[in-house]
Structure formats: structure tokens, C-alpha cells
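Biologist: I would like to learn how to read a pocket and a sheet. Could we take one example and go through it slowly?

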Amino acid sequence: MEVKVTSTTILPSPTSHRSDIPLTIFDRFAANIHISVIYAFTPPTPSNADLITALSKTLVHFPTLTANLSTDSHGRPCVSVGGPNEDGGALVVEATVLSKLEDHLPLTPSPDFRLLHPDAENPKNLLQVQLNRFQCGGLVIGLTSHHRVADGRSMCAFTIAWGKILRGVPIDPLPFYDQPWLKPRDPPLVQFDHWGSEFIPLTPQPNEFIITRTDVDPSEITNLLLHFSPEFIMKLKAQTNKLSTDKHTTFETLLGYLWRKMTIARQLDDEECTTLSVSVNGRRRLQPTVPPEFFGNLVLNAYPKAKAKALIEGGAATAAGIVREGLRFIGEDYFRSFIDFGEVFGDRDLVPCFEKDGNVLSPKIEVDGWLGLGFDEVNFGGGGKLCAFLPTWVPLEGLLIFSPSLSQVGGVDVFVSLLEKHAATMREISHSLD
């Protein structure tokens, strides 16, 4: 894929007054990285000028995306919005691709994806957008955003709002930033141990918190995109629920199934403990529920775990049950405890546990569920249609991302990142119902 950048511009912050907004405890737990995704649209598509004009109007309602990460006058980590800010604003890159979009469909993970969005390794801007125009008029939008400003649910709302502005449709409801649900209890009640789960202990005891970091050359890691049709999922759920007293969701069923398959592909020792790190959206966990239009971070992780042999021999029903139990553990009381933890320890130098990981997570698996977030509802008008939505190329072993399939038959697409030496086995066994 040959991509040529034709222009670069910075859309300024929509406000001239500087405002420092302290990071919440959920922001500080979010990964300190940019997340890149790719949207592909068949022609006809809106012009770049119309897309950029609509983006500028949309950022009026999402000003934190034009901010930069900083510290306030009290030394607290924050986002600085507006005012004189050389690292603020949103980066917009226009590029042409010297081929037709149809030549690359269906899109499957490729290192070439990194050409379709601005550099995510050392970016200055919290939001970066690249408009890639193909010879046929097709369009791929590479969108990169910093995770400490917004989680997946929020970025989905932003992208949908951008499409609405472009089509002349009002944003209703508008995003909001008030956080009354983050008010700690009086006195704070930290019911769970968040040291070692969310954050590295400030003064770990000998042998209390040990992470064995594993790194390989990124060329040894590959990405797969597995498609599971509605028919396959129906058969898998029937098989799983037949052997279980609980009726498992599609996500629980498919995650348990793939957990076992990845464990087999990785060839883990029988007694090795494998752990999932599954993102859990707190909007529905807290009571009263947090409106979906809240913009920011409100995600924690659940950590289902099992020994490799027991997981494999237990079958899909056992795996789905372990997943469900782990997800249910992260309920409202856990979120409230985490909020109170932030009240007690928020002035300390907090480092998320996962920041000590290398680029090989095995025997752990990081899991993100994009089902139900609405990414497949993004619509920029023009007459074309969204034909692909997936992450960029990710050189991180042990990642699973679930998203709704845009194929004609529907179903679920799962992005998988593994060592190349394990990926061949994963391809072979990924759809074997045994």
C-alpha cells in the first residue's frame, strides 16, 4: 500500500480560556498510550473539506480532545484545555493512496495499516485524524486518541457525533463532563485491595509484587482477524449452555471459547496460571446508572483466571463460567471501593500494574469488548457505506478485541494478536468445536 501525505493542519482548541481539569482515578488507571482504529467507507464519500469543517464543529462539544496532558498548580496530573498551548489542538492529516479501496477489501490486519494514521508512538496531540483518499473515491479514516482522555464508549460517541454534524443532524443528547458519581463516600470505604490489581504497591514487600517482563522483536508478533458467523455462535452457545446451569451471553461464551484456544496455541504448561484482563464498563455497574453520553473514562478490569490444563480439559462451558464469575465480581461495590481508593491515595504517584508488562503478555490475555458500543453505527453520509472497522496493526502479543462484524451475514469479528509461531496453530483450531 503506497500512501502519500498531502497536507497537515492543526485544528485549534474551541476555547481560548485555559482550564486545567484534574485526571480522575479512572483516567489515571487508563493506559498512557494512544489507541488507533480504522474506518473504511466505500464511495461516494464526503469531501475532505466537509469532513474537516464538521470535525472542527464537533470538537466544540468535545474540547478535552484538543487538550494536552499536564499538571495543575497543585502538581496533580490533568488535561489542560484552551489558552496558549503549543501541544494542544487536533492534528488532521490528508493523504492519498495510490490504489483502489476494493483492491484491499476485505481489510485484514496488516503492518500497512500504520501508514493510514499519524504516528502513535510519539504524538503531541491527544487526537489525531488521517483522511486517506483512494483512487476510486473510497475513504479510510485513521483515528488515534489518547486513552487517558476517553475510553472506547466515549470515542464511539465522538465519532458518531462527527458523522451527525456532517449530515446536519443535531447531537442529542450532547456529551457532558459532570461527574457526581465520582463523589467518594464519607468516610471513604476501600473494601477491596486495589494494590497489585489496579496499581503497583507503593512500597511492595519482598516477593509481594513480581512481574516478569517479556519482550521480543515486534516482527515476531502478528495480528489475525477471526470471523464468527451467527450460525457458528448459535451452535457454540447451544453446546455451552447444554453443559451449564447458566445461560451465557455471546461475549462470555465466545471469550471462554477463545481463551481455551489461545491457551492451546500458546502451549502453556499444565500448571501455568493464565489470566484474562477484561475491560468492564462502569456506566451500567454504578447505581443510578451513568448516562452513556458521559465523556471520559469509566472502565476497570475483571481478572478471571485458571490453570492451563484445567481450563482446556474443563471445556467451553467451564471457561464461560469462569469468565462470568470474574465479570460479576466487578460490580458496583468494586467501583465504589475504587472511587474511595482514589480519594485516599489520589495524591500519590500511582502507576498502573500493566505499565510493567512487555510486548508479550503470555500467559495473560488483554480483552476489550467493542460489542454494543455503536462503532458500527458511524455514518458520514455521502452515499457510501462503512465497510470495515478494526484496530490498527498492534505489536502486542496477547490481545483480543471483539467487535460487531460488518459482513453481510453479521456475527462477531475478533482481533487476535499472537506470536507468529503460535498464530499458525490458532488459525487451524479457531473454529473447531471441541
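Modeller: Start with the term: a pocket is an open set of grid points with protein on both sides within 12 Å along at least five of seven lines. Keep in mind that this model is predicted.

Biologist: How much space lies in the second largest pocket?

Modeller: The second largest pocket holds about 440 Å³ of space.

Biologist: Which residues that line the second largest pocket are the closest to its centre?

Modeller: A lining residue has an atom within 4 Å of a point. Here 18 residues line the second largest pocket, and Leu23, Thr24, Ile25, Gly342 and Gly346 are the closest to its centre.

Biologist: Which helix supplies the largest share of that lining?

Modeller: That is α7, with 3 residues. Both α1 (25–29) and α7 (332–345) supply at least two residues each.

Biologist: How does the lining of the second largest pocket divide by class?

Modeller: Its lining has 7 nonpolar, 6 polar and 5 charged residues.

Biologist: Now the sheet. What is the order of the strands in the open sheet?

Modeller: Two strands pair if at least two bridges are found between them. In this open sheet of 3 strands the order is β2-β5-β4, and the pairing is antiparallel. The edge strands, β2 (19–22) and β4 (68–71), each pair on one side only. From one strand to the next, the twist averages 40°.

Biologist: Over how many bridges do β4 and β5 pair?

Modeller: β4 and β5 (residues 77–81) pair over 4 bridges, in the antiparallel sense.

Key
Residues are numbered from 1 along each chain as its sequence is written. This is a predicted model: local features need pLDDT of at least 70, side-chain atom pairs count only at pLDDT 80 or more; totals for chains, interfaces and linings use all residues. Side-chain values use heavy atoms; hydrogens and water are left out. Axes are lines fitted to C-alpha atoms, for helices over the stretch in contact, and angles run from 0 to 180 degrees between N-to-C directions. On a 1 Å grid over the protein atoms alone, a cavity is a set of points where a 1.4 Å probe fits but cannot get out, and a pocket is an open set with protein on both sides within 12 Å along at least five of seven lines; lining residues have an atom within 4 Å of a point. Grid points are joined across faces, edges and corners, and a volume is the space filled by probe spheres set on the points. Ala, Val, Leu, Ile, Met, Phe, Trp, Tyr, Cys and Pro count as nonpolar, Asp, Glu, Lys and Arg as charged, and the others, Gly among them, as polar.
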